[in-house]
Amino acid sequence: MTFYTKRLTLNHMVEYNPYLDGLFGSLADPIRRDILQKLVHAQRTISQLAENYEMSFAAVAKHLSVLEKAKLIVKRRNGREQIVSIAPDALRDASEYLDQFEALWNYRFDTLDALLQEDDQNE
């Protein structure tokens, strides 16, 4: 008799952060990034957003749900409509996370520049 069990593999070298995973996972989709672009300068209703895409209203609402879950947008009800606006805090969090890598690369490039200049002086 053979027993098949579902194995869970954990990579202890990787830091899992559900908030960042959801944030960057939601940004991985081009439709969602486009929706965010449309919300940068003005809030819109779901119907106004849905007019821009060749997909069903429900599909756009599903994209908005993913963005809302990632805290990238907020929705509020105004009568029969839902008004969607961008939530800058999550974008700021994403930017701050990426800034760490920018600082690391700048440090590495500065170190490489210093080594190359030192090498030029020794020749």
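**Figure 1. The whole protein chain and its surface.** The protein chain has an accessible surface of about 9900 Å², and carbon and sulfur atoms account for 52% of that area. The model shown here is predicted. Of the 123 residues in the protein chain, 22% are buried. Along the principal axes, the C-alpha atoms fill a box of roughly 75 × 60 × 25 Å. The radius of gyration of the protein chain is 22 Å, whereas a compact globule of 123 residues would have a value near 14 Å. Contacts between residues at least 6 apart in sequence include 52% that join residues at least 24 apart.

**Figure 2. The order of helices and strands.** Five helices and three strands make up the secondary structure of the protein chain. Read from the N terminus, these elements follow the order α-α-β-α-α-β-β-α.

**Figure 3. The three-stranded sheet.** The three strands form an open sheet in the order S1-S3-S2, and their pairing is antiparallel. Strand S1 (44-45) and strand S2 (73-78) each have a single partner strand and stand at the edges, so one side of each has no neighbour in the sheet. Helix H2, formed by residues 30-39, packs on the sheet and touches S1, S2 and S3. The direction of helix H2 makes about 90 degrees with that of S3.

**Figure 4. The pairing of S1 with S3.** Strand S3 comprises residues 81-86 and is joined to S1 by two bridges, the two strands running antiparallel. Within this pairing, Arg44 stands opposite Val84 in S3.

**Figure 5. The hairpin of S2 and S3.** Six bridges join S2 to S3, and these strands run antiparallel. Two residues lie between S2 and S3 in the hairpin that they form. Gly79, located in the turn, has a positive phi of about 70 degrees. Which residue in S3 is the bridge partner of Val74? The partner of Val74 is Ser85. Lys75, in turn, stands opposite Val84 in S3.

Figure 6. The loop between helix H4 (57-69) and S2 contains Lys71. Most residues other than glycine have a negative phi. Lys71 is not a glycine, yet its phi is positive, at about 65 degrees.

Figure 7. Ser26 belongs to helix H1, which covers residues 18-27. Is Ser26 buried or exposed? The relative accessibility of Ser26 is 1%, and a residue under 20% is classed as buried, so Ser26 counts as buried. A polar atom of the Ser26 side chain lies 2.8 Å from the backbone oxygen of Leu23. When neighbours within four places in sequence are left aside, Ser26 is in contact with Arg32, Val66, Leu67, Ala70 and Leu72.

Definitions and conventions. Residues numbered from 1 in each chain as written. Predicted model: local features only at pLDDT ≥ 70, side-chain atom pairs only at ≥ 80, totals over all residues. Heavy atoms only, no water. Pairing = 2+ DSSP bridges. Helix = DSSP H or I, 4+ residues; strand = E, 2+ residues; numbered from the N terminus. Contact = heavy atoms within 4.5 Å. Axes fitted to C-alpha atoms, helices over the stretch in contact; angles between N-to-C directions. Rg over C-alpha atoms; globule rule 2.2 N^0.38 Å. Buried < 20%, exposed > 50% of the residue type's maximum accessible area, 1.4 Å probe, protein only. Areas by Shrake-Rupley, 256 points an atom, 1.4 Å probe, with all protein chains shown as cover. Polar contact = N/O pair within 3.5 Å; in protein donor to acceptor, adjacent residues only side chain to side chain.
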